[in-house]
Amino acid sequence: MAHYGRRLAAAATLACALAGSLPAAESASQFTVPVTYYKLPNGLKVALSRDTTAPLVVVAVYYNIGFRIEPRTRTGFAHLFEHLMFEGSKNLPKGEFDKLIEGNGGLSNGSTRFDFTNYFEVVPSHVLEPMLWGEADRMKSLSLTAESLKNQQGVVGNEVKVNVLNRPYGGFPWLDMPQYANKNWYNAHNFYGDLADIEAATLKDAKDFSQTFYAPNNAALALVGDFDEGQAKKWIEKYFSAIPSSKLPPKPDLAEPTQDSEKRFSKTDKLAEKPALAFAYHMPPRLTPEHYAMVLLDQILLQGDDSLLTQELVKKRGFTDSVDGGINLLGNQFNYNGPMLWIANLIHDAGVKPGQILAAVDPIIEGLREKPVTHEQIGRALVKLRAQFYKDLTQFGGLGRADLMASFSLFDDNPALINNLERELREVTPELIEKTAKQYLRPANRTVLVLEAGAASKAPNTGGAQ
Amino acid sequence: MRTWTLALILAASCFAADDREAPPPAGTPKPFVLPESNTFTLKNGMKVTLAQHGSVPVAAVSARIAFGHANESADQVWLSTFLAELMKEGTSTLTAEQVANEAARMGGQLDVTAGTDESVASIEVLSEFTADAVKLVADVVAHPKLPESEMERVRANNLRQLAVQLSTPQAQANRAFAATLYPNHPYGRLFPSESQLKSYRLEDVRKFYADNIGAQRTHLYVVGLFDPAVRKTIEAAFDGWEAGPAVTRTPPSPVASKRQLLIDRPAAVQSTLRLGLPINISPAHPDYIPLEVTDSLLGGAFTSRITNNIREQKGYTYSPFSQVVTRYHTAAWQESADVTTKFTADSVREILLEINRLRKEPPDGKELKGIQNFMGGIFVLRNSSNQGIIGQLGFVDLHGLTDDYLKTYVQRVNAVSREDLQRITETYLDPGKMTLVVVGDKAKVEDSLKAF
């Protein structure tokens, strides 16, 4: 679901690496992530984790500015700015950083998410020093020119077209649902941006945005891979410590009012041949016991073929071939820092009505609100989480690990939280799950979005239900 | 084109003035050693490869079976998909729900996916469950129930998937491109008709299984951290399985010729492009790796010429890329891009210009070196995850290559010369023999495409 990547193909693979996460359950297989954490005097947070499986290193710079708090008159600006970060800096004219990365055997990308914008390289470990130098160069001396702005307005316009405007189910439900379910503008605007806003962006906007948010005291640097820690610290000091910090504006109020009745919307997708349905619930605050309980509920309800909604809607009812979704469709259950939704969605045949699907969903959800889940259900959820966590740790040279460490540094000032997740999840009891389901999976907390198939050219061919 | 790009770089240089710092030098590359693998054959002909890898306690178990869409006749399109999906619906001893619960209990998700030349049943689990995962995969592959009760649901899913996929311009473009490159061959039949999907009976699926799946066609890979005693589990789980049909493959002999297809998508804000041609060489051919290097420099890498031109200089598109699509004993080269409608012809013109430029003039040594380094680095990345390693080993086995292929890959990438790239482009990438598919707003783009 990485629709915000600089490059679609690479971004999509990142999404696979980051989708779902986290550890659990006591057993023979245990793995503790080594974490070293410190801050430079200018406020840059640094998190290091060594792993010598392959001679690779991941360099990830996360800025504490996501699309949620971009300027109100400039929807899509945080993402447009992400593209400008690849357009050259004082010592690396346009294209030169890419050549330095690829020409040394590496990959890079960036992505814009709810609460951060990230830039990363996966490179052979012997090119760590030039990568740190390059990241520092664009942090301190980005070149912003009218030419590159115009060029990237064209590229970003095409990105929105290929991912949303010229695509059936474009933006459904990842871009749509926050706009319907949320009330606070910060959580409820079009994050990809209206094309008119993207076109209207000026060089001054970019300069202001850069000066305000792209500073070391608003960033975290994570390294994962085969590097010497002492040497890495020296290089980080050498290249980043002279970058001045900025005065950060106060964080706006992101609070989302409590929803007191179910909301239902429908939209017509003129390119879609088949209707679709999504439903979402507002999540408990992040890193609370209830949040961890929702992480388990997500596994029990939605993740994997054994999940309750897959068994009911796919296997038993035959409404669809797949129910998708989860917590934070543009990342995972931990790498955000504000109000969030748990979303489920499916594509179905025209012969099946949204009401039938919801009538099948409701007893499953109500069942969780009325009686505690079994220890076996919790056990399976914990094992699935732990296995997914381990897989994420190793994908793309360790990108998933860098992501969690950078996010926990940025939002919680503590990347070692990566090693607490298993314990927190194991402390969730059946009673807490029931209480959380009662409170957060209540009908009044739900938003339903029906997608009408505007391109359906003929009568439904078979119906789905057998 | 070259001077035009150079002019921009020079302009940027002036802007950046003279006090530019050079990047600090890279260190000395660390040696990369491919994980050791051990391959053996069971009495029934099934091959098994085990490779210990990684520091995190997970293991991937993957059965790659030599059957897929390539084994479908013209009236069996997607029958492999039906079979793969039904294989997940229970075994002679487990219900579908029990299969799903078993997989989840190990921390995995069992996938059975039909591919073109081979299909895969795979799961990645916590290390301690490796033996259980082997047993589950063995059960699903060797003793699937293929139940009547799920046939209509699988059919409905496939009909829905067909409609959903064909509502995307990319699927429409891929369908037309493949059909043009490979007439009268399964490689050219990406999508069935609705009536075909409605015609398949359970007995067709069961016969397709009997005709195509068995020990001789299967290669099991276990990669990750696991107890080496899993070998005994593998032998016990698969030894009783019948040898089944021998591997059969009938690769096409496509002929490249210049074609243009315009598929109307009224009011589309972008045109979806496919430009390319079949190339009758396999990975064993000495020109194959030089072709991969040529592709990376031309359109495969982010810093490649076509991407730099139509994205980074012109802003016509977001995610253009070229690739060598490798099938059994044949290949194709293609550039794919979704471009703003009004720049459709301009985009085609620039792509052709970049191909022709490389046909006329070899790249300079620095540009080539950068691409070779890129490919060397990606090779390491590909071989540093369990799934990636299985993909690499499976590629070698599918194409009948030797162990040396991976061991000498980087060395052979680095041996490709500047002149090789020009020769490869001249020999294999002739725009006069390419197929161009455009899915877009016909009224707006038709006239401008007459130039090609």
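**Note on the predicted model: strand pairing, domains and chain contact**

1. In chain A, β7(A) and strand β11 (residues 446-453) run in the parallel sense and are joined over seven bridges. Within this part of the model, which is predicted, A:Ser266 is placed opposite A:Val450 of β11(A).

2. Helix α11 (residues 289-301) and helix α17 (residues 430-440) of chain A have axes that come within 9 Å and cross at roughly 90 degrees. The two helices, α11(A) and α17(A), are therefore roughly perpendicular to each other. On the side of α11(A), the contact is made by A:Pro289, A:Glu290, A:Ala293, A:Met294, A:Leu296 and A:Leu297. The residues contributed by α17(A) are A:Leu432, A:Ile433, A:Thr436, A:Ala437 and A:Tyr440. By class, the residues of this contact comprise nine nonpolar, one polar and one charged.

3. Regarding the division of the chain, chain A consists of domain 1 (8-240) and domain 2 (263-453). Their C-alpha centres are 25 Å apart. Across the boundary, 50 residues of domain 1 of chain A are in contact with 62 residues of domain 2 of chain A.

4. On the side of domain 1 of chain A that touches domain 2 of chain A, at least two residues each are supplied by α1 (8-18), β2 (45-50), β3 (56-63), β5 (117-124), α6 (176-181) and β6 (219-225) of chain A. The largest share of that side, five residues, is from α6(A). Its residues divide into 34 nonpolar, nine polar and seven charged.

5. The contact between the chains involves 78 residues from chain A and 72 residues from chain B. Elements of chain B that each supply at least two residues to the side touching chain A include α1 (2-16), α3 (96-105), β5 (119-126) and α5 (151-166). Also among them are α11 (305-313), β10 (330-340) and α13 (365-382) of chain B. With nine residues, α5(B) gives the most to this side. The side of chain B that touches chain A is made up of 31 nonpolar, 27 polar and 14 charged residues.

Terms used:
Residues numbered from 1 in each chain as written. Chains lettered and ligands numbered in written order. Predicted model: local features only at pLDDT ≥ 70, side-chain atom pairs only at ≥ 80, totals over all residues. Domains from an automatic or database assignment. Contact = placed C-beta atoms within 7 Å. Helix = DSSP H or I, 4+ residues; strand = E, 2+ residues; numbered from the N terminus. Nonpolar A, V, L, I, M, F, W, Y, C, P; charged D, E, K, R; others polar. Axes fitted to C-alpha atoms, helices over the stretch in contact; angles between N-to-C directions. Parallel < 35°, antiparallel > 145°, perpendicular 65-115°, else oblique. Pairing = 2+ DSSP bridges.
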